[in-house]
Amino acid sequence: MIDLSRFNATSFQDLAATLAVAHFGHGIRPMGSGADGGRDFVCESPIRWVTPGLFGEQSSTGYTVFQVKHKDRPGATHNANLSWLWSQVRDELRDWAEKPERRRTPDTLIFVTNVALTPVPGSGGFDTIMMEIKNYIKKAYERIDDAGNDEELRAIRKNQAARLLDIKAVYFWDLYQIDALVAAHADVRWANNALLTAGDVLAAIPTLLNSVPESDLERALRAHARTTLVTGGRIYFDEAGGTADGGMPVHKVMVDLPVEIVSDDGQRKRASVLRYVLGRSGRVLKPKVSRLQKPRHLIITGQPGNGKTTLSKMIVQAHRAAFLRGSAALSDDQRAVVHETDQALADLGVAPPTFPRWPVQINLAEFAQDEAVDLNATLIRRIARDVSAKSDVGEIAPNLLTKWRTRWPWLLVLDGFDEVVDPTLRRRIVEQVAEFANDCEAEDADVLIILTTRPLGFTEEIGRGLFERVDLADLKPRTALKYGEKVTSVRLANDPDRRDLVVRRLREAAADDAFENLLRTPLQVLILSIIVEQAGELSPDRFSLFDRYFQTIMTREKGKIGGFSALIRDHSGLIEEIHQQVGLTLQARAERGETTRSLVTPAELQDIAWAVLERAGFKPDRRDRQLLADIKQAATHRLVLLAPHGAEGYGFDVRSLQEYMAGQYLTSAGDAALGDRLRLVAHSPHWRNTWLFAAGRTFAQPTRHLQQLVVETIENIDENAPRRLGALFPIGPRLALDVLNDGMARSRPVWLERLITQALRLLLHPVERDLPMLTTSLVKLASFNDHTRTLIADGMRARLSSGEGRAGVEAVQRIWITTCDGLKASTQVRGLSQIKPSLTSSLLEPHERPRHTYSNQLLEDEARLVSAALGAVESTDMVSLRPLAEALTDENAALALEMMLQPLLATKPYMRRRIEADVLPTVLRAPLGQELIDEA
């Protein structure tokens, strides 16, 4: 008998729809999710039956409605199941009779259920429920007479009884019928792979692929899943994580992160990402039978440290466990990982996958670098290479995996798109992903693709209508504490007293509103747990958190007995400068796409240390060569945050630590040099996190003049920047919002007002893509104190009054209340949703006044560039925008274009979107790091 316990309500409805299509043909039309008026799927075509119906008909030619009734836990007795099913059927009959919104009564009504109806004649479940239906209709007519002389009531009841009689036939698909249909329709088993086990499909591989021996491919697929189950299921966070093997099992530290989803109509909902993603992966996604409408695939965005990589590993790990569950060919350790992964999901209140998709994960930075030298690279070729590398059967041909993709559901996770920096490579990756997704649809393959990235700088559209974007939100304090307790339990598993101390201090920090900003991401919570373990001081901004973490680890290394503690104690300044130089080097190298892993070689580390020593007056080639050797030797174990990675070299285990050190470098020069550095990299998405760490350092110290430098940089960064169309696509407002979100200006009212003024300029431009982020940020700022709430209210009112930015304010106000609900904002903050224009018109700020037509004389070549650029932008044939990119390389032509494009973009928003997607990524991501390195 078929086991339906692995199906939840959604996946069971998918199974029912697949069976209906297989049995009756493509006249069956699933209605999709949402309010369906009692119609899970319908059919207008004739249906031929071989099972008995209410009145014995063997066919129906009218309007047929299917209703799916899934019982979460069928009872142990037939009577209990029958009683439940009858209550469901009775309620549906009543609704068909009484609800006016169910305008069209079906000719045939079919109930599909996962409970069994016993076949005993007369007294069995099937005959009993049929008799109950007949009696219900009979009683409906009797109720007409019960109305007595009340003619209005009699008319209502007569109409209700007539609607019931319009239902000419009622049929049931119970557990027995479904079992028979699944056996009769082999394709259904493959479309609903929860009906299969891994052993089923692996044993059938020779017939599926018809070109490889069973022993070879079965061993390869098993080996790939088994090997990655152990090695791919760990997250790494240098020695500070406290785990002896340098990694933590992802299932032991995972929490279900919050995610925000914005629908096409602007409605916003908050969900848990694991439940959302695993719910999606549990659906049948074969395009021809799926009830899930496009977009099927997911793009998950998250800020630095938000746990994107940890999340992607957990999603893949959950599916590895499902794929291998029940396999006899597992070691005790592998079997334990499968069990622990399932248990971890259950503890989070998330059902483990019941559909065993074959999981594959690809690091997009590595793929992009390989593709840069391999013009024939494709995703399917990369997957084939990885599978081959993790088995001993030789090379697995890509065409075999293509066939495998059509017969068995896949999960493909593409992690770290934000680490692909080169614009050309990004475009090629986008093309490859879209090609893979379109191939899956063309082949009717059941594949779920998940791509992760940071949101800043993500402007690409990957296949029209193929991907849904969901954004990881900040952790709630309760979830942050839960994560802190988990990682602390793993780090300090052998020291319960210290573990309890850290957990207590985390709870104390979480209870202080000032430190709420430090509990926003898993990485920050982990760092916070390490700092409070050492009783370190805390400041409520992100830079201070990372800086205190570095000092905490430095202090711990100094305090160790023996080893390299004396070296670090005596030369801590040199050690910190080496970290900064390595951070800068790796950040610049990643910008050029030169490396898949952020590592410097041993020789490069020695060169960096040599240069640092020389600048400090040491002689590394003579009297101080031993100091250089000691630093190199220390690095082979760990140089504070620099971790060894075998023969490949040294690097930071977490990208944000690399960016923190690069940010420290930016602030390591004089005031003038700092201003130049901040202005140089402020517009680059690749350097944004580094820039914020640099700005954070100025706010964390009593350096008012440097804080003023940062604020003025934000205010003026888009002036005289025509080569990136700064006046039309400003980055200053987003910089201001990022600074505010980082918490660095919370205790600086003098800067807070100016930064909020700048951030509100975001409302002057289309906000669709950033609407959830912007609204969340504004609600949080308005919740900070009365002054910030007044500033935001005044700014919104001014935009509404002037007309400049009115659409942006109205878009924010549309989701303001739902955002306040999620953040539990006060009544006063919620009131900003009702802000109205003031009675007097406000004046535009000088930099917001409309620009005049460009009047300078253009040279002939410049005029030609401008004309070609405008022609490309205004074309309705979607021609290449390369002429615009070429014109922006000329300063005078760029200035002319910046002015001439302003009225065009104001009236034709599609032009703005094209420029954002096709031109600005190349301009904004032009490599800048070498200029910083050259001055070092």
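The notes below start with the whole chain and then turn to particular elements.

This is a predicted model, in which local features need pLDDT of at least 70, side-chain atom pairs count only at pLDDT 80 or more, and totals for chains, interfaces and linings use all residues. Residues are numbered from 1 along each chain as its sequence is written, and side-chain values use heavy atoms, with hydrogens and water left out.

**Confidence**

- The protein has a mean pLDDT (the predictor's confidence in each residue, from 0 to 100) of 84, and 88% of its residues reach 70 or more.
- Residues 238-245 have pLDDT below 50, and beyond near neighbours in sequence this stretch has 21 contacts (heavy atoms within 4.5 Å) in the model.
- Over residues 841-853 pLDDT also stays under 50, with 22 contacts beyond four places in sequence.

**Overall make-up**

- The secondary structure amounts to 42 helices and 18 strands, taken as DSSP runs numbered from the N terminus (helices H or I, at least four residues; strands E, at least two).
- Of the 936 residues, 55% count as buried, where buried means under 20% relative accessible area, exposed over 50% and partly exposed in between, with a 1.4 Å probe and protein chains only.
- Among contacts with a separation of 6 or more, 72% join residues 24 or more positions apart.

**Helix packing**

- Axes are lines fitted to C-alpha atoms, for helices over the stretch in contact, and angles run from 0 to 180 degrees between N-to-C directions.
- Helix H23 (residues 572-591) packs on helix H24 (residues 602-615) at an angle of about 130°, with the axes 10 Å apart.
- H23 is therefore oblique to H24; angles under 35 degrees count as roughly parallel, over 145 as roughly antiparallel, 65 to 115 as roughly perpendicular and the rest as oblique.
- H23 and H24 make a right-handed crossing; a crossing is right-handed if the near helix is turned clockwise from the far one by less than a right angle, and left-handed if anticlockwise.
- Residues in this contact include Leu574, Ile578 and Val582 of H23 and Leu605, Ile608 and Val612 of H24.
- Helix H33 (residues 786-802) and helix H34 (residues 806-814) also pack at about 130°, with their axes 8 Å apart.
- H33 and H34 are therefore oblique to each other, and their crossing is left-handed.
- Met796, Arg799, Leu800 and Ser801 of H33 meet Arg806, Val809, Glu810 and Gln813 of H34.

**Cysteines**

- The whole structure has zero disulfides, a disulfide being a pair of cysteine sulfur atoms within 2.5 Å.
- Cysteine 440 counts as buried because its relative accessibility is 2%.
- Cysteine 820 is buried as well, at a relative accessible area of 0%.
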